[in-house]
Amino acid sequence: MIRVALAAAVRDLPRAAGLAYEPKFDGHRLVVVRSAAEVTLQARSGRIVTSAFPDLAAAALQLPAGTVLDGEVVVWHAGRTDFALVQRRAAATAARAAVLAQSLPASYAAFDVLELAGLDVRARPYERRRTLLVDLLLPLGPPLQPVPMTTDPELAATWYETLPASGIEGLVVKRLDQAYPAGRRGWQKLRHTDVRDAAVVGYTGTPRRPLALVLVLPVGDQTPLVSSPLTAALRREVAEAAAARGAAGRAAEPRATVTAIGLGEVPYRTLDPPLTAEVRHTSARHPPPEVIRLRTDL
């Protein structure tokens, strides 16, 4: 498993010499591994998802053997990236994936190169890796493309204000002299909203009909919180995730309790391992966090 670099959330645009700014695309993290014989696509979780994206796997055969890329898989629709369509692609069976590759083609927004022609380049400065990435991908063209990058904070600020209409979540900020921070939050990310990633440690309701999620937010005292009620679409996703973890086959008795605002102690079923969800929340605990979506392969 290749450990990917992570980013720490910031509330303001960092401005300093020696920084690079990239748009943060709204998709699934994807590592592309081109070996001498084949292409393997790895999600952030480490799961192999090659069969879900046969179009990208075929395109990556153009890469030289011994190449490893880090980036985001996105699906464009009506002039913007559509995360729901990426989720649909990621969840498809191998047979269905071939059909969806025609109707919902994927694109790969590459933002780093980890290995090139068998040489590990992660220790090299980002500025050098960026040059290698652009030189590698520009001759190939879509669907494999380097993300835009600028060292101008004013242009980055303009991107931040204008690109959301295209489905861009915000910006990722990196130091030009920085090695690839595998497994660490060595980058910074600035999002447009108060949306944060949260660990989903359980859910209330039944395995077939989850009602709310039990979350641990990335800020505060790490006390589990109960989210606002789930939408029908989210209930289906959580039910599928619970079933995949075997929860649907267990006894119906909840395994833990959590304190919910206005409700006191509420029983809930745990999820092991936890899921990741994007939630909208304020610094206060009123109202409960709102779940925007699950991120099953971050």
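How many bridges join strand S13 to strand S14 (residues 225-226), and in which direction do the two strands run relative to one another? In this predicted model, two bridges join S13 to S14, and the strands run antiparallel. Within that pairing, Val214 stands opposite Val226 in S14.

Strand S13 also pairs with strand S12 (residues 195-205), to which six bridges join it, again in an antiparallel arrangement. Here Val200 stands opposite Leu215 in S13, and S12 and S13 form a hairpin in which four residues lie between the two strands. The two pairings of S13 are set side by side below.

| Strand paired with S13 | Bridges | Direction |
|---|---|---|
| S12 (residues 195-205) | six bridges | antiparallel |
| S14 (residues 225-226) | two bridges | antiparallel |

As for burial, six of the seven residues of strand S13 (residues 210-216) are buried, which means that the strand is largely enclosed by the rest of the structure; a residue counts as buried when its relative accessible area is under 20%.

Turning to the chain as a whole, the model contains six helices and 17 strands, and buried residues make up 50% of the 298 residues in the chain. Of the contacts between residues at least 6 apart in sequence, 67% join residues that are at least 24 apart. The chain exposes about 13,900 Å², and carbon and sulfur atoms supply 56% of that area.

Technical notes. Residues are numbered from 1 along each chain as its sequence is written. This is a predicted model: local features need pLDDT of at least 70, side-chain atom pairs count only at pLDDT 80 or more; totals for chains, interfaces and linings use all residues. Side-chain values use heavy atoms; hydrogens and water are left out. Buried means under 20% relative accessible area, exposed over 50%, partly exposed in between (1.4 Å probe, protein chains only). Two strands pair if DSSP finds at least two bridges between them. Contact means heavy atoms within 4.5 Å. Accessible areas come from the Shrake-Rupley method with a 1.4 Å probe; for residues, only the protein chains shown count as cover.
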